[in-house]
Amino acid sequence: MKFGVCYYPEQWPEARWAEDARLMRAAGIELVRIAEFAWAQMEPTAGRYDWAWLDRAVATLAAAGHAVILGTPTAAPPAWLTRTYPEILRVDGNGRSRDHGTRRHYCPNSPIYREQSRRIVAAMVGRYGQHPAVVGWQTDNEIGGGHTARCYCERCAEAFRGWLQARYGSLDALNAAWGAIFWSQTYSDWAQIRPPGDRIDKKNPSHVLDYYRFASDSFVAYQQEQVDIIRQGAPGRFVTHNFMGLYRDLDQFDLARTLDLATWDNYPTGNPERWRQLLYPPGMDTSRCDPAYAYDVGDPIITGMAHALTRGLKDAPFWVMEQQCGQINWGDVNPGVRAGTPRLWAWHALAEGAEALVYFRWRATLFAQEQYHSGLLRHDGRPDVGWGDQQALLAEKALLDAVAAQPFMAEVALLFDFADLWALQLQPHRADFDYLRHLYVYYQALQRMGIAVNLAAVGADLSRYKLVIAPTLHVVDEARAARLEAYVQQGGTLLLGVRSGFKTVSNLVTDAPLPGLLRPLVGAQVTGWQSLPLAVGWAVTTDIPDLPGAATYWVETLAAEGADVLARYADGAAALTEHGVGDGRCLYLGWYPEGAQAAALLRYLAGRLDIASCAVLPPGMVAARRGPYTLLLNFAEGAGTAVVSGEAISVPGRDVRVVGG
Ligand code: GAL
Ligand code: ZN
């Protein structure tokens, strides 16, 4: 396991750099990410470059034995650029443009910005591409962060029309794909088409879904220009981007496709604070994390899901490019972080498959937006809590490395797809129907059972999984249906859930009986569906232990067409079916399960499929397996006891135990 740190030499007196570099080594840091916001220092005025300071910063770090990761600085275009070309500014759905004074205020489709981006990246790569100390590059920074995934400017409008022409070829095809006949939306000239901004009251979901795709493709193309320049001028160096965990506005799989490595920015007290509003069940108090966890650790199951998604982006080990190591400044509460917690986060990242952990940031800033954000060092340069924990990690480095050399292992995959997510976000039908929450029901149940799970793209290689779960495989075309059928034919078990097969790729409802193109695989027909008020439930009978109870929230009745019926509603309609196809089987669960029901169904399937659980876990503890090692991570305040292969293992509060090996 490698350790790194995010460093901003431009924010500190040069006289301090060598001391910082030396102290980093003393903390076991060997990777330093720099420069991702320093455009104004690299190019103080148009075309006048100043590399001298960056040369010296890289040299100082290299002399201390560090490997350097350079970030391209395009997340923060300088004032001379934004003032000379205000058309590069991002425009929101109301037509208001952003202004200079922060970051991420650019439009990815501005030809001028694209040119400027290529130019500064080429200049940087020309200077440092072959530098022996520079081992890797990060494109931009958190693309889409700060609600900037979608721009609604005139350049984007124009580019959107081009994107649509390429996709549909003719206006007739577009009108049909969008159902534009509805409310007289029919377009008779490409020029009539605009982005679905906020001046439209009720938007056409096909129009919007295509805009989301277009916006995502825009950043993919924008990033690709940087990737190409880096690959050409910096041979042998890795290219990555720092993703944002469960961030939903851009297709992370697409953005990661041509990168060497996926990384993400892990803020365990901040991110879950936002995401739990989406992920916890409706009606649950989301003002704090689950009380099973200590107050300063965040919610490890939510953090774990973000690790899992990042791992799934390349279906490979990943890095944490920014790791919280003390309190942050942008959450609601920003709890103080106690000694022991950063170490637990580091072990958790390792348990989930991280190869390197890069702390954010080296030293707390004295100025500007992030003054209240901690680093490994305090404002005054003395060690903060993360420093002490990093020393503790160094003391156990041999064990960290032994575990890091082993593969992360999972026999279960949860399918994750951005078109499904967006289509459901646009038409949830009930306000609290959230795609991610539906995934989380299963993710959480598996984690609590000690069963490792990957988040996988629908196009990923699924053949190694014993069980693949697609809680809502909503948008389906022939190719997608065929992929899943092939997986099942070859012996896989696929569990599908409600609202699967409902939509076409252009976000229209299928005219085939549900679940549409998936019906032959499911071997059953969905005869009806409905959303239920929270207090209402339909009784379910089944022989699967612990599953009986009520179907709530969203229910679908099924009629078997070759499938076996594993559960029924009181009126006799099927509620859960199983269909043997080839060497495998496809199950369809006709309601949106509560956590305990998902757990019961998973326990039943895990038993049948011989899926390994690494441990029996008390509340607050999570576990993962890497090779022969089982890692037990206790996020509770007090000690807890897990059972691994029949042996009871006690783990102190906010601590970790590694078993086996
Ligand atoms: C990240 C960002 C960093 C810094 C950090 C603070 O989202 O990439 O530059 O702002 O948050 O927590
Ligand atoms: Zn734009």
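## Where the ligand sits

Ligand 1 sits in the largest pocket. Here a pocket is an open set of points on a 1 Å grid over the protein atoms alone, where a 1.4 Å probe fits and protein lies on both sides within 12 Å along at least five of seven lines; sitting in one takes more than half of the molecule's atoms within 2 Å of its grid points.

A quick note on conventions: this is a predicted model, so local features need pLDDT of at least 70 and side-chain atom pairs pLDDT 80 or more, while totals for chains, interfaces and linings use all residues. Residues are numbered from 1 along each chain as its sequence is written, chains are lettered from A and ligands numbered from 1 in the order in which they are written, and side-chain values use heavy atoms, without hydrogens or water.

## Who is around it

The shell (residues with a heavy atom within 4 Å) is made up of F37, R103, N141, E142, D265, Y267, E322, W330, F360, E370 and H373. Split by class, that gives four nonpolar, two polar and five charged residues, with Phe, Trp and Tyr counted as nonpolar, and Asp, Glu and Arg as charged.

E370 has a side-chain N or O atom 2.3 Å from one, W330 has a polar side-chain atom at 2.7 Å, and R103 has one at 2.8 Å. On its own, ligand 1 has 310 Å² of accessible area (Shrake-Rupley, 1.4 Å probe), and the protein covers 94% of that.

Most residues other than glycine have a negative phi, and most peptide bonds are trans. R104 isn't a glycine, yet its phi is positive, about 55 degrees; R104 is in the loop between α4 (79-84) and α5 (111-128).

F360, one of the shell residues, is joined to R361 by a cis peptide bond with omega about -5 degrees, and R361 falls in the loop between β8 (354-360) and α13 (385-395). The bond from L514 to P515 is cis as well, omega near 0 degrees.

Notes: A polar contact is a pair of N or O atoms within 3.5 Å; within protein, one must be able to donate a hydrogen and the other to accept it, and residues adjacent in sequence count only if both atoms are side-chain atoms. On a 1 Å grid over the protein atoms alone, a cavity is a set of points where a 1.4 Å probe fits but cannot get out, and a pocket is an open set with protein on both sides within 12 Å along at least five of seven lines; lining residues have an atom within 4 Å of a point. Helices (H or I, at least four residues) and strands (E, at least two) are DSSP runs, numbered from the N terminus.
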